[in-house]
Amino acid sequence: MRPTLDASPLAASLVQSTLTDPGTPSATTPATHAAAMPSVLFVDQSGQLGGAEFALLQLAGHCTARSEVVLLADGPFRARLEALGARVQVISDARVSGVMRQASMLNCLRVVPGLFRQVRAIAARARQFDVLFLNTQKALVLGALGKPLHRRPVIWYQHDILTREHFGRIQLSIVKWLVRLAVDHVVVNSQASARSLAALTGIDADSVPVIYNGIDARAFDRVDGRDVAALRARLGLPRDAWLAGLFGRLAPWKGQHVALDALARLPDVHLVLVGAPLFGEDAYAQRLHEQAAALGIADRVHFAGFQDDVPAWMKAMDVILHTSTEPEPFGRVIVEGMAAARPVIAAAAGGVTEIVRHRRNGWLVKPGDASALADAIGTLRADPELAAQLATQALSDARSEFSVERYLQRMTQAIRQAAR
Ligand code: UDP
Ligand code: GLC
(Lines give C-alpha, C1' and ligand atoms only; values in the text may rest on other atoms or scores of the structure.)
(Ligands and ions follow the chains in the order given, each with its own letter.)
Protein backbone atom coordinates (compact mmCIF):
# COMPACT_ATOMS: atom_id res chain seq x y z
CA MET A 1 0.00 0.00 0.00
CA ARG A 2 1.25 3.49 -0.79
CA PRO A 3 1.75 5.35 2.50
CA THR A 4 -0.52 8.37 2.42
CA LEU A 5 -3.46 9.82 0.60
CA ASP A 6 -3.85 13.56 0.66
CA ALA A 7 -6.67 14.03 3.17
CA SER A 8 -6.93 17.79 2.71
CA PRO A 9 -10.15 19.27 1.27
CA LEU A 10 -10.39 19.64 -2.48
CA ALA A 11 -10.02 23.04 -4.08
CA ALA A 12 -13.39 24.67 -4.60
CA SER A 13 -13.06 24.49 -8.38
CA LEU A 14 -12.50 20.76 -8.29
CA VAL A 15 -15.54 20.31 -6.08
CA GLN A 16 -17.58 22.31 -8.55
CA SER A 17 -16.50 20.16 -11.45
CA THR A 18 -16.99 16.80 -9.75
CA LEU A 19 -20.18 17.18 -7.81
CA THR A 20 -23.64 16.77 -9.14
CA ASP A 21 -26.79 15.86 -7.32
CA PRO A 22 -26.19 12.40 -5.83
CA GLY A 23 -28.21 9.91 -7.75
CA THR A 24 -28.28 12.02 -10.89
CA PRO A 25 -28.08 9.62 -13.84
CA SER A 26 -25.19 9.96 -16.26
CA ALA A 27 -27.41 11.32 -19.01
CA THR A 28 -27.60 14.62 -17.14
CA THR A 29 -24.01 14.68 -15.85
CA PRO A 30 -21.97 17.54 -17.33
CA ALA A 31 -19.48 16.49 -20.01
CA THR A 32 -16.66 18.23 -18.12
CA HIS A 33 -17.26 15.96 -15.15
CA ALA A 34 -17.27 12.86 -17.38
CA ALA A 35 -13.96 13.93 -18.93
CA ALA A 36 -12.27 14.79 -15.65
CA MET A 37 -13.12 11.74 -13.62
CA PRO A 38 -11.02 8.56 -14.05
CA SER A 39 -13.00 5.54 -15.15
CA VAL A 40 -13.74 3.14 -12.28
CA LEU A 41 -14.66 -0.50 -11.93
CA PHE A 42 -16.46 -0.95 -8.61
CA VAL A 43 -16.67 -4.44 -7.10
CA ASP A 44 -18.98 -5.51 -4.25
CA GLN A 45 -19.62 -9.02 -3.01
CA SER A 46 -23.30 -8.66 -2.17
CA GLY A 47 -26.59 -8.39 -4.02
CA GLN A 48 -28.27 -7.47 -0.73
CA LEU A 49 -28.75 -3.95 0.62
CA GLY A 50 -26.42 -3.55 3.58
CA GLY A 51 -24.72 -0.34 4.68
CA ALA A 52 -21.63 -0.87 2.50
CA GLU A 53 -23.92 -1.30 -0.49
CA PHE A 54 -25.86 1.90 0.27
CA ALA A 55 -22.52 3.73 0.43
CA LEU A 56 -21.54 2.32 -2.96
CA LEU A 57 -24.98 3.06 -4.40
CA GLN A 58 -24.44 6.77 -3.80
CA LEU A 59 -20.92 6.71 -5.23
CA ALA A 60 -21.59 4.53 -8.27
CA GLY A 61 -24.81 6.47 -8.92
CA HIS A 62 -22.70 9.62 -8.98
CA CYS A 63 -20.06 8.18 -11.35
CA THR A 64 -22.24 6.41 -13.90
CA ALA A 65 -20.68 8.08 -16.94
CA ARG A 66 -17.37 6.21 -16.78
CA SER A 67 -17.89 3.30 -14.45
CA GLU A 68 -19.30 -0.15 -14.09
CA VAL A 69 -20.24 -2.22 -11.05
CA VAL A 70 -19.37 -5.89 -10.67
CA LEU A 71 -21.45 -7.78 -8.10
CA LEU A 72 -20.34 -11.18 -6.87
CA ALA A 73 -23.96 -12.13 -6.14
CA ASP A 74 -27.29 -11.10 -7.61
CA GLY A 75 -30.04 -9.46 -5.56
CA PRO A 76 -32.06 -6.26 -5.03
CA PHE A 77 -28.88 -4.14 -4.96
CA ARG A 78 -28.55 -4.70 -8.69
CA ALA A 79 -31.93 -3.12 -9.51
CA ARG A 80 -31.19 -0.16 -7.22
CA LEU A 81 -27.91 0.48 -9.06
CA GLU A 82 -29.51 0.13 -12.48
CA ALA A 83 -32.29 2.52 -11.50
CA LEU A 84 -29.58 5.18 -11.03
CA GLY A 85 -28.18 4.46 -14.50
CA ALA A 86 -25.23 2.29 -13.38
CA ARG A 87 -24.00 -0.53 -15.60
CA VAL A 88 -23.94 -3.74 -13.57
CA GLN A 89 -22.43 -7.13 -14.24
CA VAL A 90 -22.91 -10.12 -11.94
CA ILE A 91 -19.93 -12.48 -11.71
CA SER A 92 -21.04 -15.11 -9.22
CA ASP A 93 -19.94 -18.58 -8.18
CA ALA A 94 -22.18 -20.46 -5.78
CA ARG A 95 -19.29 -22.40 -4.21
CA VAL A 96 -17.26 -19.30 -3.45
CA SER A 97 -20.23 -17.45 -1.93
CA GLY A 98 -20.44 -17.78 1.83
CA VAL A 99 -16.92 -19.09 2.40
CA MET A 100 -15.20 -15.87 3.38
CA ARG A 101 -16.30 -14.74 6.82
CA GLN A 102 -15.16 -17.80 8.76
CA ALA A 103 -12.82 -19.26 6.13
CA SER A 104 -11.28 -22.61 7.04
CA MET A 105 -8.30 -24.11 5.23
CA LEU A 106 -10.45 -26.93 3.78
CA ASN A 107 -13.14 -24.52 2.55
CA CYS A 108 -10.50 -22.33 0.95
CA LEU A 109 -9.02 -25.26 -0.97
CA ARG A 110 -12.43 -26.42 -2.20
CA VAL A 111 -13.27 -23.11 -3.76
CA VAL A 112 -9.91 -22.47 -5.48
CA PRO A 113 -11.04 -23.22 -9.07
CA GLY A 114 -14.18 -21.06 -8.81
CA LEU A 115 -12.19 -18.36 -7.10
CA PHE A 116 -9.67 -18.14 -9.91
CA ARG A 117 -12.41 -18.01 -12.50
CA GLN A 118 -13.81 -14.97 -10.68
CA VAL A 119 -10.34 -13.42 -10.26
CA ARG A 120 -9.73 -13.72 -14.02
CA ALA A 121 -13.19 -12.37 -14.91
CA ILE A 122 -12.78 -9.33 -12.65
CA ALA A 123 -9.25 -8.69 -13.94
CA ALA A 124 -10.50 -8.82 -17.54
CA ARG A 125 -13.11 -6.15 -16.72
CA ALA A 126 -10.65 -4.09 -14.66
CA ARG A 127 -8.26 -3.75 -17.62
CA GLN A 128 -10.95 -1.60 -19.30
CA PHE A 129 -10.87 0.99 -16.46
CA ASP A 130 -8.39 3.40 -14.84
CA VAL A 131 -9.04 2.35 -11.23
CA LEU A 132 -10.32 -0.75 -9.46
CA PHE A 133 -12.45 0.18 -6.42
CA LEU A 134 -13.12 -2.71 -4.02
CA ASN A 135 -16.00 -2.17 -1.60
CA THR A 136 -16.09 -5.35 0.50
CA GLN A 137 -13.68 -7.97 1.78
CA LYS A 138 -14.43 -10.67 -0.76
CA ALA A 139 -14.14 -8.04 -3.46
CA LEU A 140 -10.77 -7.14 -1.93
CA VAL A 141 -9.57 -10.72 -2.11
CA LEU A 142 -10.66 -11.35 -5.69
CA GLY A 143 -9.67 -7.94 -7.01
CA ALA A 144 -6.28 -7.84 -5.29
CA LEU A 145 -5.34 -11.41 -6.25
CA GLY A 146 -5.84 -10.42 -9.88
CA LYS A 147 -3.43 -7.47 -9.66
CA PRO A 148 -0.71 -9.17 -11.78
CA LEU A 149 -3.35 -9.69 -14.49
CA HIS A 150 -4.99 -6.24 -14.52
CA ARG A 151 -2.16 -4.00 -13.21
CA ARG A 152 -4.60 -1.28 -12.26
CA PRO A 153 -4.37 0.92 -9.13
CA VAL A 154 -6.45 -0.72 -6.40
CA ILE A 155 -8.41 1.25 -3.81
CA TRP A 156 -10.26 -0.52 -0.99
CA TYR A 157 -13.04 1.09 1.03
CA GLN A 158 -12.78 -0.71 4.35
CA HIS A 159 -16.19 -0.87 6.04
CA ASP A 160 -15.28 -3.30 8.82
CA ILE A 161 -13.44 -3.38 12.11
CA LEU A 162 -10.80 -6.01 11.42
CA THR A 163 -10.73 -7.90 14.70
CA ARG A 164 -11.37 -11.44 15.92
CA GLU A 165 -14.72 -10.24 17.35
CA HIS A 166 -15.93 -9.92 13.78
CA PHE A 167 -13.75 -12.24 11.63
CA GLY A 168 -11.89 -15.54 11.51
CA ARG A 169 -8.11 -15.77 11.89
CA ILE A 170 -7.49 -16.95 8.32
CA GLN A 171 -9.63 -14.22 6.81
CA LEU A 172 -7.78 -11.54 8.79
CA SER A 173 -4.47 -12.97 7.68
CA ILE A 174 -5.52 -12.96 4.01
CA VAL A 175 -6.68 -9.35 4.33
CA LYS A 176 -3.43 -8.34 6.03
CA TRP A 177 -1.21 -9.72 3.28
CA LEU A 178 -3.32 -8.53 0.40
CA VAL A 179 -3.40 -5.00 1.82
CA ARG A 180 0.36 -5.05 2.21
CA LEU A 181 1.12 -6.49 -1.21
CA ALA A 182 -1.62 -5.60 -3.68
CA VAL A 183 -3.65 -2.62 -2.47
CA ASP A 184 -2.48 0.87 -3.40
CA HIS A 185 -4.87 2.91 -1.27
CA VAL A 186 -7.18 2.12 1.63
CA VAL A 187 -9.90 4.49 2.78
CA VAL A 188 -11.92 3.67 5.90
CA ASN A 189 -15.40 4.46 7.18
CA SER A 190 -14.25 5.51 10.68
CA GLN A 191 -11.21 6.06 12.87
CA ALA A 192 -12.17 2.87 14.69
CA SER A 193 -11.88 0.92 11.44
CA ALA A 194 -8.53 2.66 10.74
CA ARG A 195 -7.18 1.64 14.15
CA SER A 196 -8.08 -1.99 13.50
CA LEU A 197 -6.31 -1.83 10.12
CA ALA A 198 -3.25 -0.37 11.79
CA ALA A 199 -3.20 -3.08 14.45
CA LEU A 200 -3.55 -5.79 11.79
CA THR A 201 -1.08 -4.53 9.18
CA GLY A 202 1.28 -2.14 10.95
CA ILE A 203 0.18 0.73 8.69
CA ASP A 204 0.07 4.10 10.49
CA ALA A 205 -3.61 4.74 11.31
CA ASP A 206 -3.18 8.49 10.76
CA SER A 207 -2.09 7.91 7.16
CA VAL A 208 -5.41 6.26 6.26
CA PRO A 209 -8.09 8.73 5.15
CA VAL A 210 -11.32 8.43 7.10
CA ILE A 211 -14.26 8.98 4.78
CA TYR A 212 -17.52 8.90 6.69
CA ASN A 213 -20.65 7.70 4.96
CA GLY A 214 -22.92 10.49 3.76
CA ILE A 215 -26.62 10.50 4.48
CA ASP A 216 -29.05 12.34 2.23
CA ALA A 217 -30.81 14.64 4.70
CA ARG A 218 -33.15 15.87 1.96
CA ALA A 219 -34.85 12.46 1.84
CA PHE A 220 -35.79 13.03 5.49
CA ASP A 221 -36.89 16.61 4.89
CA ARG A 222 -39.29 15.40 2.22
CA VAL A 223 -41.25 13.30 4.75
CA ASP A 224 -44.05 15.27 6.32
CA GLY A 225 -43.48 14.17 9.90
CA ARG A 226 -45.63 16.89 11.46
CA ASP A 227 -48.70 14.68 11.65
CA VAL A 228 -47.02 11.64 13.15
CA ALA A 229 -50.36 9.95 13.87
CA ALA A 230 -51.28 10.03 10.16
CA LEU A 231 -47.83 8.78 9.22
CA ARG A 232 -48.15 5.89 11.65
CA ALA A 233 -51.56 5.02 10.31
CA ARG A 234 -50.13 4.96 6.77
CA LEU A 235 -47.32 2.64 7.89
CA GLY A 236 -49.68 0.38 9.85
CA LEU A 237 -48.14 1.32 13.22
CA PRO A 238 -50.04 2.06 16.46
CA ARG A 239 -51.12 5.74 16.35
CA ASP A 240 -50.79 6.75 19.97
CA ALA A 241 -48.17 4.42 21.43
CA TRP A 242 -44.72 5.71 22.40
CA LEU A 243 -42.48 4.06 19.78
CA ALA A 244 -38.82 3.08 19.92
CA GLY A 245 -37.43 2.15 16.48
CA LEU A 246 -34.50 -0.16 15.84
CA PHE A 247 -33.30 -0.24 12.24
CA GLY A 248 -30.92 -2.73 10.67
CA ARG A 249 -30.55 -6.28 9.55
CA LEU A 250 -31.53 -8.90 12.09
CA ALA A 251 -28.22 -10.38 13.23
CA PRO A 252 -26.93 -11.38 16.68
CA TRP A 253 -24.25 -8.67 16.82
CA LYS A 254 -26.78 -5.97 15.93
CA GLY A 255 -28.28 -6.74 19.34
CA GLN A 256 -32.03 -6.72 18.72
CA HIS A 257 -32.30 -9.15 21.65
CA VAL A 258 -30.89 -6.43 23.95
CA ALA A 259 -33.70 -4.09 22.88
CA LEU A 260 -36.29 -6.79 23.67
CA ASP A 261 -34.81 -7.23 27.17
CA ALA A 262 -34.93 -3.45 27.67
CA LEU A 263 -38.55 -3.31 26.49
CA ALA A 264 -39.55 -5.89 29.08
CA ARG A 265 -38.58 -3.29 31.71
CA LEU A 266 -40.70 -0.53 30.13
CA PRO A 267 -44.38 -1.49 30.45
CA ASP A 268 -46.03 0.83 27.93
CA VAL A 269 -43.34 1.45 25.30
CA HIS A 270 -43.62 -0.24 21.87
CA LEU A 271 -40.63 -1.43 19.82
CA VAL A 272 -40.53 -1.47 16.03
CA LEU A 273 -37.83 -3.65 14.43
CA VAL A 274 -37.23 -2.51 10.85
CA GLY A 275 -34.98 -4.85 8.91
CA ALA A 276 -34.60 -8.47 7.81
CA PRO A 277 -32.02 -11.21 8.26
CA LEU A 278 -30.03 -10.39 5.11
CA PHE A 279 -27.13 -12.81 5.40
CA GLY A 280 -28.70 -16.09 6.52
CA GLU A 281 -29.50 -15.17 10.13
CA ASP A 282 -33.06 -16.56 9.94
CA ALA A 283 -32.56 -18.64 13.10
CA TYR A 284 -31.79 -15.44 15.03
CA ALA A 285 -34.95 -13.80 13.67
CA GLN A 286 -36.94 -16.80 14.88
CA ARG A 287 -35.28 -16.58 18.30
CA LEU A 288 -36.32 -12.92 18.56
CA HIS A 289 -39.98 -13.87 18.05
CA GLU A 290 -39.63 -16.57 20.72
CA GLN A 291 -37.89 -14.16 23.10
CA ALA A 292 -40.69 -11.59 22.69
CA ALA A 293 -43.28 -14.27 23.44
CA ALA A 294 -41.33 -15.59 26.45
CA LEU A 295 -40.97 -12.05 27.87
CA GLY A 296 -44.72 -11.47 27.42
CA ILE A 297 -44.14 -8.41 25.20
CA ALA A 298 -45.11 -9.82 21.77
CA ASP A 299 -48.05 -7.38 21.53
CA ARG A 300 -45.62 -4.45 21.91
CA VAL A 301 -42.98 -5.66 19.44
CA HIS A 302 -43.62 -4.95 15.76
CA PHE A 303 -41.51 -6.83 13.22
CA ALA A 304 -41.72 -4.61 10.13
CA GLY A 305 -39.31 -6.55 7.89
CA PHE A 306 -37.08 -4.78 5.35
CA GLN A 307 -38.43 -1.37 4.36
CA ASP A 308 -37.33 0.88 1.50
CA ASP A 309 -38.75 4.07 2.96
CA VAL A 310 -36.49 4.37 6.01
CA PRO A 311 -36.93 8.19 6.33
CA ALA A 312 -40.70 7.86 6.85
CA TRP A 313 -40.31 4.94 9.25
CA MET A 314 -37.78 6.88 11.30
CA LYS A 315 -39.95 9.99 11.45
CA ALA A 316 -42.76 7.82 12.82
CA MET A 317 -40.68 6.96 15.91
CA ASP A 318 -40.25 8.79 19.22
CA VAL A 319 -36.71 7.52 19.74
CA ILE A 320 -34.20 5.61 17.57
CA LEU A 321 -32.13 2.83 19.13
CA HIS A 322 -28.80 1.37 18.12
CA THR A 323 -27.90 -1.76 20.07
CA SER A 324 -24.87 -3.45 18.48
CA THR A 325 -23.09 -5.71 20.95
CA GLU A 326 -19.79 -5.66 19.01
CA PRO A 327 -18.09 -2.38 18.04
CA GLU A 328 -20.01 -0.90 15.10
CA PRO A 329 -17.60 0.18 12.34
CA PHE A 330 -19.73 3.24 11.46
CA GLY A 331 -23.52 2.84 11.70
CA ARG A 332 -25.50 4.59 8.98
CA VAL A 333 -28.71 4.04 10.93
CA ILE A 334 -27.43 6.35 13.67
CA VAL A 335 -26.84 9.26 11.31
CA GLU A 336 -30.18 8.53 9.65
CA GLY A 337 -31.91 8.79 13.03
CA MET A 338 -30.16 12.13 13.52
CA ALA A 339 -31.20 13.31 10.04
CA ALA A 340 -34.78 12.33 10.93
CA ALA A 341 -34.49 14.77 13.86
CA ARG A 342 -35.15 12.04 16.37
CA PRO A 343 -33.22 11.46 19.62
CA VAL A 344 -30.82 8.55 19.16
CA ILE A 345 -29.62 6.16 21.87
CA ALA A 346 -26.55 4.27 20.67
CA ALA A 347 -24.15 1.58 21.91
CA ALA A 348 -20.85 3.31 22.72
CA ALA A 349 -18.19 1.39 20.81
CA GLY A 350 -16.34 1.55 17.50
CA GLY A 351 -17.18 4.37 15.09
CA VAL A 352 -20.33 5.27 17.03
CA THR A 353 -18.39 7.49 19.43
CA GLU A 354 -17.16 9.51 16.44
CA ILE A 355 -20.81 10.30 15.60
CA VAL A 356 -22.64 10.59 18.92
CA ARG A 357 -21.58 12.94 21.72
CA HIS A 358 -23.28 11.89 24.95
CA ARG A 359 -26.02 14.31 26.09
CA ARG A 360 -25.07 16.73 23.28
CA ASN A 361 -26.46 15.21 20.09
CA GLY A 362 -27.59 11.83 21.40
CA TRP A 363 -27.25 9.37 24.24
CA LEU A 364 -24.60 6.68 24.65
CA VAL A 365 -25.03 3.45 26.60
CA LYS A 366 -22.78 0.49 27.31
CA PRO A 367 -23.12 -2.14 24.56
CA GLY A 368 -25.19 -5.15 25.56
CA ASP A 369 -26.53 -3.51 28.73
CA ALA A 370 -30.33 -3.86 28.58
CA SER A 371 -30.82 -2.18 31.93
CA ALA A 372 -28.82 0.93 30.87
CA LEU A 373 -30.76 1.00 27.60
CA ALA A 374 -34.10 0.86 29.43
CA ASP A 375 -32.97 3.67 31.75
CA ALA A 376 -31.93 5.82 28.77
CA ILE A 377 -35.26 5.25 27.01
CA GLY A 378 -37.08 6.06 30.25
CA THR A 379 -35.05 9.25 30.71
CA LEU A 380 -35.78 10.59 27.23
CA ARG A 381 -39.42 9.63 27.46
CA ALA A 382 -39.80 11.46 30.76
CA ASP A 383 -38.02 14.58 29.48
CA PRO A 384 -39.36 15.56 26.04
CA GLU A 385 -37.51 18.87 26.22
CA LEU A 386 -34.16 17.12 26.59
CA ALA A 387 -35.10 14.69 23.81
CA ALA A 388 -35.97 17.61 21.52
CA GLN A 389 -32.68 19.40 22.33
CA LEU A 390 -30.66 16.32 21.45
CA ALA A 391 -32.64 15.83 18.25
CA THR A 392 -32.11 19.44 17.15
CA GLN A 393 -28.35 19.22 17.65
CA ALA A 394 -28.33 15.78 15.98
CA LEU A 395 -30.05 17.13 12.88
CA SER A 396 -27.56 19.96 12.60
CA ASP A 397 -24.58 17.56 13.02
CA ALA A 398 -25.96 15.06 10.51
CA ARG A 399 -26.30 17.84 7.93
CA SER A 400 -22.91 19.42 8.54
CA GLU A 401 -20.67 16.41 9.25
CA PHE A 402 -22.21 13.54 7.32
CA SER A 403 -23.51 15.10 4.11
CA VAL A 404 -23.56 13.18 0.84
CA GLU A 405 -21.75 16.10 -0.78
CA ARG A 406 -18.79 15.79 1.57
CA TYR A 407 -18.73 12.02 1.18
CA LEU A 408 -18.69 12.23 -2.63
CA GLN A 409 -16.11 15.00 -2.62
CA ARG A 410 -13.73 12.95 -0.47
CA MET A 411 -14.36 9.76 -2.43
CA THR A 412 -13.85 11.32 -5.83
CA GLN A 413 -10.65 12.88 -4.49
CA ALA A 414 -9.43 9.46 -3.32
CA ILE A 415 -10.25 7.90 -6.69
CA ARG A 416 -8.43 10.65 -8.55
CA GLN A 417 -5.36 10.21 -6.39
CA ALA A 418 -5.45 6.46 -6.89
CA ALA A 419 -5.50 7.01 -10.66
CA ARG A 420 -2.38 9.19 -10.68
N1 UDP B 1 -32.00 -0.29 5.94
C2 UDP B 1 -33.02 -0.24 5.01
N3 UDP B 1 -34.17 -0.91 5.28
C4 UDP B 1 -34.35 -1.63 6.41
C5 UDP B 1 -33.31 -1.68 7.36
C6 UDP B 1 -32.14 -0.99 7.09
O7 UDP B 1 -32.91 0.41 3.97
O8 UDP B 1 -35.42 -2.22 6.57
C9 UDP B 1 -30.76 0.46 5.68
C10 UDP B 1 -30.51 1.56 6.68
O11 UDP B 1 -31.31 2.68 6.38
C12 UDP B 1 -29.01 1.78 6.54
C13 UDP B 1 -28.50 0.40 6.13
O14 UDP B 1 -29.64 -0.37 5.78
O15 UDP B 1 -28.73 2.73 5.53
C16 UDP B 1 -27.74 -0.29 7.23
O17 UDP B 1 -26.49 0.29 7.35
P18 UDP B 1 -25.65 0.33 8.70
O19 UDP B 1 -24.39 1.00 8.36
O20 UDP B 1 -26.43 0.91 9.79
O21 UDP B 1 -25.42 -1.20 9.09
P22 UDP B 1 -24.81 -2.46 8.29
O23 UDP B 1 -25.97 -3.33 7.97
O24 UDP B 1 -24.11 -1.98 7.10
O25 UDP B 1 -23.86 -3.11 9.25
C1 GLC C 1 -20.57 -1.91 7.27
C2 GLC C 1 -20.57 -1.67 8.77
C3 GLC C 1 -21.42 -0.49 9.19
C4 GLC C 1 -21.17 0.70 8.30
C5 GLC C 1 -21.35 0.32 6.84
C6 GLC C 1 -21.08 1.48 5.90
O7 GLC C 1 -21.66 -2.63 6.85
O8 GLC C 1 -20.99 -2.82 9.49
O9 GLC C 1 -21.16 -0.14 10.53
O10 GLC C 1 -22.02 1.76 8.63
O11 GLC C 1 -20.47 -0.71 6.52
O12 GLC C 1 -19.74 1.93 5.97
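Does Ala341 count as buried or exposed, and how many C-beta neighbours does Ala341 have inside 10 Å? Ala341 has 20 such neighbours, so Ala341 counts as buried. The cut-offs are these: a residue is buried if 20 or more other C-beta atoms lie within 10 Å of its own, exposed if 12 or fewer, and partly exposed in between, with C-beta atoms placed from the backbone.

This is a predicted model, in which local features need pLDDT of at least 70, side-chain atom pairs count only at pLDDT 80 or more, and totals for chains, interfaces and linings use all residues. Residues are numbered from 1 along each chain as its sequence is written, while chains are lettered from A and ligands numbered from 1 in the order in which they are written.

Start with the whole protein. It has 420 residues, and 48% of them count as buried. There are 20 helices and 12 strands. Helices (H or I, at least four residues) and strands (E, at least two) are DSSP runs, numbered from the N terminus. Take the contacts with a separation of 6 or more: residues 24 or more positions apart account for 71% of them. Two residues are in contact if their C-beta atoms, placed from the backbone, lie within 7 Å.

Now take one sheet. Six strands form an open sheet in the order E3-E2-E1-E4-E5-E6, with parallel pairing. Strands E3 (88-90) and E6 (185-188) are its edges, and each pairs on one side only. Two strands pair if DSSP finds at least two bridges between them. Neighbouring strands of this sheet are turned by 20° against each other on average, direction ignored. Helix H4 (residues 76-83) packs on the sheet and touches strand E2 (67-71) and E3. The direction of H4 makes about 160° with that of E3. Axes are lines fitted to C-alpha atoms, for helices over the stretch in contact, and angles run from 0 to 180 degrees between N-to-C directions.

Look at strand E4 (residues 131-134) in this sheet. In a regular strand the side chains alternate between the two faces of the sheet. Both faces of E4 are covered. Val131 and Phe133 are buried on one side, Leu132 and Leu134 on the other. Strand E1 (residues 40-44) runs parallel to E4, joined by 4 bridges. There, Val43 stands opposite Leu134. E4 also pairs with E5 in the parallel sense, over 3 bridges. Here the bridge partner of Phe133 is Ile155. Strand E5 (residues 154-158) in turn pairs with E6 over 4 bridges, again in the parallel sense. Trp156 stands opposite Val186 in E6.

Strand E8 (residues 269-274) runs parallel to E9, and 4 bridges join them. Leu273 has Phe303 in E9 as its bridge partner.

Two ligands come next. A residue is near a molecule if its C-beta atom, placed from the backbone, lies within 6 Å of it. Ligand 1 is surrounded by 18 residues; the closest are Gly51, Gly275, Val310, Arg332 and Val333. H3 and helix H16 (332-339) each supply at least two residues of this shell. Domain 1 (12-214 + 404-419) and domain 2 (217-401) both give residues to the shell, so ligand 1 lies between them. The domain bounds come from an automatic or database domain assignment.

Around ligand 2, the residues include His159, Asn189, Asn213, Glu328 and Arg332. Helix H3 (residues 51-62) gives the largest share of that shell, 3 residues.

Finally, two loops. Ala341 is found in the loop between H16 and E11. Its phi is positive, about 60°, although Ala341 is not a glycine. Arg151 is found in the loop between helix H8 (147-150) and E5. Phi of Arg151 is near 55°, a positive value in a residue other than glycine. Arg151 counts as exposed because it has 12 C-beta neighbours inside 10 Å.
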